[in-house]
Amino acid sequence: MSHPQLSSLRNPSRHWWVLGLLFIIFLVNVLPSLRLLGEALADIVAGEKSSFWKVLRSSATWQATWHSLYTSVLATLLALVLGAGLAFFIALTNIRGKSFWVFMFMLPMMIPPQVTALSWLQLMGPGSALLQLLGIAPALGSRQPLYSDWGIALLMGIQHAPLVFLSVRTNLLVLPKELVEAARLSGASQYRIMLDMIFPLCKNGILAGAAIAFVSALGNFGIPAMLGIPASYYVLPTLIYQKMADFGPLMLNEVSSLSVIVGAIAMVGVWVQHRFQSKMPLLGMPGKPLAFDLGTSRLGCEVGLGLIITLILVLPVLALVASSLVPAIGVPLRHDNISFSAYAYMLAGQGVTWRAFENSMFLSLSAAFILAFLALPLAYVIVRRPRRLYSFLLMLVDVPYALPGVVLAIACILLFAKPIPIFQITLYGSLGIILFAYLSRFLTVSFKPVHASMLQFDGALEEAAQLCGASMVRRWRDIIFPLLAPAAFAGFLLVFMIAVNELTVSALLWSAGNETLGVLVFNLEDGGETVLASAISVLIVMMIALLMLVLGILGRNLPKGVIPWRS
Amino acid sequence: MNFRVLSVSAMLVGVVFSGSLQAETLVLYTSQPAQDAQMTVDAFEKANPGTKVEWVRDGTTKLMTKLRAEMAAGVVKPDVLLIADSVTLEQLKKEGILAAYPSAESKAYDPALFDKDGYYHGTKLITTGIAHHANAQQKPASWKDLLKPEYKNQVAMPSPLYSGAALIHLSTITANPDFSWRFYESLKENGASALKGNGSVLTAVASGTSPYGVLADYMAIREKAKGAPIEFVFPAEGVSMVTEPVAIMKDSKQPELARKFVDFVLSEPGQQLVLEQGYLPARNGMKTPEGFPERSQIKLLSFDAAKALENSETDKEGFSKLFN
């Protein structure tokens with residue numbers, strides 16, 4: 001982008017707000033990681049006896065590291081097969097109802113991991129209300145097959161497959177169609193076109209997608225917590241959580257060292273992702289995207305897709321619904337014993353369920369609102385005043401989101417365990433610390449749509465206004481804000497949707513009266529109240545589906561790239 | 001622009017803090033299952049209009065970790081504790097962080113069930129026995145049945161690293177010469193799995209992933225009443241027991257309200273609620289809930305509280321080594 005810089009931006013007297021913005025970004029996005037790094041470095045320097053070396057010598061550390069790598073690699077492979085495969089089908093063929101398939105396939109990514117794990121647990125094992133209803137439940141004493149490394153990898157693979165899907169599809173949509181047509185005219189078979197042309201051309205998209213799926217699996221907490229902890233199978237995030245839960249802040253030093261290890265692995269993944277993503281072409285040739293004619297096998301392919309969606313989405317959700325309707329765990333669901341008592345209890349409008357709902361609403365709405373207001377000027381500055389410093393800033397904004405949530409939570413505890421100097425406010429143990437962590441983590445989610453929109457916004461408009469004497473405030477009010485507002489709103493909804501169900505960060509930061517919805521589902525399942533946990537999860541899934549529909553409708557009037565799953 | 005952002009965030013943060021500083025709010029840490037805790041709190045709020053109780057539920061051992069974390073950070077949250085066992089409270093009493101309150105209600109209680117200085121009062125009797133799935137092939141009658149080959153890989157139990165009742169159970173069994181640590185070692189050899197709290201054991205037994213489980217009585221008996229396929233057995237050798245005591249924190253900001261809460265839980269209406277929730281009430285002269293034997297019929301394994309307190313850390317460590 002080489003827009004002429006606007007003169008007012010070169011005027012130093014206008015720089016105060018840019019500096020203020022940079023300061024807030026530093027405070028929210030950079031400081032926590034720095035604090036964590038400082039803690040670990042101080043520890044390494046302290047020598048042999050420090051907790052960093054103790055952690056390095058502990059076999060539990062290496063076992064959990066191995067488990068993390070093993071499950072994440074397996075999950076990434078599965079995500080690759082599922083995500084890339086479906087991307088080829090949906091992006092390259094003349095299959096019908098594409099936006100429906102995309103929507104159904106995106107849903108598993110937006111459903112929070114703890115709910116995914118809970119619903120799959122209700123689908124398998126001898127106690128599954130759904131399997132009992134169908135009379136095909138396994139025998140008593142059969143282990144829950146999901147309480148294993150394979151179970152964890154399976155669910156994480158399904159959850160993160162949409163990330164690969166998005167990356168590959170973005171790549172496929174900009175493939176030069178002319179090349180393929182030329183090849184076809186020269187008599188190349190479909191198979192050769194795929195192998196010699198399309199695969200090599202979307203290699204970067206596949207690899208970038210694999211990297212992002214790997215990083216997400218590495219940081220996933222909900223799934224290994226629900227499936228691994230009962231089997232004493234620990235990955236790095238659950239090991240950190242368990243150490244904090246069992247021994248508290250005494251462990252803060254050790255846990256910080258562990259966090260640095262998992263953070264470092266994640267950063268390698270992020271670097272790989274950026275590397276391949278930057279090689280992807282951004283804009284393709286004009287014209288219609290590729291659409292291979294499936295011919296007579298089209299219906300077969302559609303049925304196949306339907307089966308996959310049924311398997312990875314519909315069945316687990318049905319199992320969840322079945323479990324929310326039984327009078328007690330282990331009771332088979334029959335038409336005469338359907339019970340809505342869990343829903344009635346939940347909607348009675350008081351108690352911990354309601355409070356968690358209120359807290360999550362407050363946290364996610366405030367985070368979404370504040371972040372929308374941060375994202376607007378940030379996108380403006382980065383696009384209008386391209387500087388080396390800002391591309392660096394862009395990476396920093398990404399860090400708290402790319403880091404495993406547990407790491408960010410530990411960083412926030414380190415930062416706020418003691419009262420904030422000068423103000424003498426203790427954020428630890430209040431909703432404030434969770435809000436801070438959300439601001440840090442989700443800035444990039446809110447920023448990306450606005451940034452994408454800003455990139456496509458012609459600077460000439462603003463210049464014309466400036467030539468006519470419109471002040472900065474006036475230009476923001478009459479031009480910039482109205483043009484960016486839809487994207488900012490999309491970012492707002494995205495942040496809200498992710499934050500309202502967030503578990504990883506709040507699992508370590510919640511306290512009395514400050515539970516979040518994610519923590520509630522996790523704790524209820526933990527306390528044996530599976531039926532209630534299922535009922536809450538059913539409502540969560542419904543809310544997510546609804547919000548995604550709203551975003552989809554909104555997305556029709558937005559520029560490309562604003563809603564991640566819309567092209 | 002950034003001023004607006006700052007003022008909005010300041011406003012929002014302000015809301016957060018004002019919320020937590022409201023008067024007449026009692027904070028309760030409890031290991032009761034969430035729905036029971038809610039019932040107790042609702043009943044107390046109803047009996048004392050204008051008061052509000054915020055509560056946190058977690059396993060006793062985990063709650064203690066949370067409490068210590070907060071003490072280290074200088075933000076102690078709870079006014080009242082209602083947790084599984086008296087051994088944990090005896091420890092807190094020794095550390096001097098509890099307030100004594102010799103409630104007048106304790107006249108109606110067996111002196112063994114409360115601290116004589118009033119630092120804590122038992123509220124119910126919760127025994128740990130064996131639960132099994134209604135369709136399970138074996139009908140266990142004794143603790144040692146769980147070591148038989150028919151039970152290989154079929155038994156679940158709560159972890160003392162999570163649950164207070166499980167810790168007391170561990171100390172009762174290991175201090176007993178008939179069982180000792182050998183019993184737990186044999187359980188491990190027989191493929192028994194240590195889950196988290198009693199809640200996870202209940203799920204495992206009722207859903208059939210582990211048809212047999214070491215479990216707190218009320219969980220099994222109550223779920224059975226709801227129709228769940230689960231049975232509870234008081235093993236022949238006897239059961240271990242906790243009393244789920246209530247105690248007031250010394251640094252409580254609402255000491256008056258905290259005392260009211262203690263009196264409420266110990267009072268007859270409070271104990272009636274305990275009965276309705278399906279627990280054995282601790283107060284003398286109360287009925288027994290549906291599905292329980294008479295109080296006098298329940299055989300207890302011998303238990304030495306002083307020794308349990310002394311050994312609690314090594315017990316936890318030993319268990320953790322064996323099962324993790």
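**Figure 1. Close-up of B:Thr127 and its bridge partner in strand β11(B).** In this predicted model, B:Thr127 has B:Met241 of β11(B) as its bridge partner. The two strands involved are β6(B) and β11(B), the latter spanning residues 240–242 of chain B, and they pair in the antiparallel sense over three bridges.

**Figure 2. Close-up of strand β6 of chain B and how far it is covered.** Strand β6(B) runs over residues 124–133 and is mostly covered, since 10 of its 10 residues count as buried.

**Figure 3. Close-up of the pairing between β6(B) and β9(B).** Strand β9 of chain B, which covers residues 212–216, is joined to β6(B) by five bridges, and the sense of the pairing is antiparallel. One place to look for this pairing is B:Thr128, whose bridge partner in β9(B) is B:Ala216.

**Figure 4. Close-up of the pairing between β6(B) and β10(B).** Here β6(B) lies in an antiparallel pairing with strand β10 of chain B, residues 230–233, and four bridges connect the two. In this pairing B:Ile130 of chain B is found opposite B:Val233 in β10(B).

**Figure 5. Close-up of the salt bridge between the two chains.** Which residue of chain A does B:Lys196 meet in a salt bridge? The partner is A:Asp526, and the closest N and O atoms of the two residues are 2.2 Å apart. The count of salt bridges between chain A and chain B is one, while nine residue pairs, with both residues at pLDDT 80 or more, are in polar contact across the interface.

**Figure 6. Close-up of the side of chain A that touches chain B.** Helices that each supply at least two residues to this side of chain A include α2 (16–45), α13 (236–247), α20 (431–455) and α24 (517–526). The helix α17(A) gives the most, with 10 residues. Sorted by kind, the residues on this side of chain A divide into 35 nonpolar, 22 polar and six charged.

Figure 7. In the model, 63 residues of chain A are in contact with 63 residues of chain B. The area buried between the two chains is about 4700 Å², and carbon and sulfur atoms give 62% of that area.

Key:
Residues are numbered from 1 along each chain as its sequence is written. Chains are lettered from A and ligands numbered from 1 in the order in which they are written. This is a predicted model: local features need pLDDT of at least 70, side-chain atom pairs count only at pLDDT 80 or more; totals for chains, interfaces and linings use all residues. Side-chain values use heavy atoms; hydrogens and water are left out. Contact means heavy atoms within 4.5 Å. Buried area is the accessible area (1.4 Å probe) that two parts lose on being put together, summed over both. A salt bridge is a side-chain nitrogen of Lys or Arg within 4 Å of a carboxyl oxygen of Asp or Glu. A polar contact is a pair of N or O atoms within 3.5 Å; within protein, one must be able to donate a hydrogen and the other to accept it, and residues adjacent in sequence count only if both atoms are side-chain atoms. Ala, Val, Leu, Ile, Met, Phe, Trp, Tyr, Cys and Pro count as nonpolar, Asp, Glu, Lys and Arg as charged, and the others, Gly among them, as polar. Buried means under 20% relative accessible area, exposed over 50%, partly exposed in between (1.4 Å probe, protein chains only). Two strands pair if DSSP finds at least two bridges between them.
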